Amino acid sequence: MGAQVLRLLAMRLLMGLATLLVVSMLIFFSVGLLPGDYATEILGQSATPDIVARFRHELGLDEPALQRYLTWLMGLFRGDLGRSYASHDGNARLVSDIIGIRLMNSFFLAGVTALVAVPLSVGLGILAARFRGSWLDRILNSTTLAAISCPEFFMAYLLMLMLSVHFNVFYSLATVGPGMDLFAKLQRIVLPVMTLTLIITAHMMRMTRTAVLDVLANPYIEMARCKGLSQSRILLRHALPNAWAPIVNVVAFNLSYLVVGVVVVEVAFAYPGIGQTMIDAVRTRDVPVIQACALIFAATYIVVNLLADAIAIATNPKLLYAR
């Protein structure tokens, strides 16, 4: 059993690496299709053609696209994400220095949100399945459906209006810095965490409810009822362990979203995360930063889903065998 699990996980890892390689090609060549010239954008319209040509040669922009991609890929293997020339002082900066702190900020926001949203959504989903058809189930379904229907920016500005402008309970802007302590950072990110929690909890709760109800429809659950077991014991001891695989997958999808898809929330609350960094890079046409952010997003999604596969297989060994 252990060898089969390791073999399957190794295959998933190789597939993830192959997918990441393909995604890196798409990122590199797609960014190269953006209109305008990177050298002219950095140097300004007043730069002479000779200066632009020398700058393009220095950056290797006059080389074939495939050669530039291979050079960029080799740099990634060495941990070199490239250099950015879009700073106001005109000096080159390492891309890793630009996105390093911002990436940690995004992971911090995602981690705090996950600590709140995952137990809440799984617990509410189990309760909704346990009391299917009751007033609690109907209220939870209606509330989560309304939360899913609300756009992220609308939810963010609504919470900001109610809890910051009108009642002045929380900070409206989530401006955090490296010198702030943990409690100060938690105070600043309350509204972004609430926004993300309302969005992903709704989806995870509904999927948890569906997964548990699917398991409860199996014949062995009916046999457990005939043996006189209580509904709570049936739910926790027999249904929930077999429902972990779909629950883990939907949790992994939403955890990926917390890092990859929080651009709107970070912009709304002026949070210095990786999403805000990518928006700023697109605005200034900072190609190396755009490529690095997009690659980090793809790698995060692949890694989280690989971990979800490992947890799902560990909780349900039947997934090792084809049906």
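Predicted model: local features only at pLDDT ≥ 70, side-chain atom pairs only at ≥ 80, totals over all residues.

The largest pocket holds about 840 Å³ of space, and a search of the whole structure finds 3 salt bridges.

**The largest pocket**

- The lining of the largest pocket is made up of 30 residues, and Phe28, Leu59, Leu61, Arg68 and Gln291 are the ones nearest its centre.
- Two or more lining residues come from each of α1 (2–32), α3 (49–59), α4 (65–77) and α14 (287–315).
- With 5 residues, α4 gives the largest share of the lining.
- Sorted by class, the lining has 14 nonpolar, 9 charged and 7 polar residues.

- Aspartate 137 and arginine 209 form a salt bridge through their side chains, at 2.9 Å from N to O.
- This pair links distant parts of the chain, with aspartate 137 in helix α6 (residues 135–149) and arginine 209 in helix α9 (residues 190–216), 72 residues apart.
- Both aspartate 137 and arginine 209 are buried.

**The other salt bridges**

- In the salt bridge of arginine 283 with aspartate 280, the closest N and O atoms are 2.8 Å apart.
- Arginine 283 and aspartate 280 are about one helical turn apart, because they are separated by 3 residues in helix α13 (residues 274–284).
- Arginine 283 counts as exposed at 56% relative accessibility, while aspartate 280, at 26%, counts as partly exposed.
- Arginine 83 and aspartate 80 also meet in a salt bridge, at 4.0 Å from N to O.
- Arginine 83 is partly exposed at 44% relative accessibility, and aspartate 80 is partly exposed at 28%.

Technical notes:
Residues numbered from 1 in each chain as written. Heavy atoms only, no water. 1 Å grid on protein atoms, 1.4 Å probe; cavity = no way out; pocket = protein on both sides within 12 Å on 5 of 7 lines; lining within 4 Å. Points joined across faces, edges and corners; volume = space filled by probe spheres on them. Helix = DSSP H or I, 4+ residues; strand = E, 2+ residues; numbered from the N terminus. Nonpolar A, V, L, I, M, F, W, Y, C, P; charged D, E, K, R; others polar. Buried < 20%, exposed > 50% of the residue type's maximum accessible area, 1.4 Å probe, protein only.
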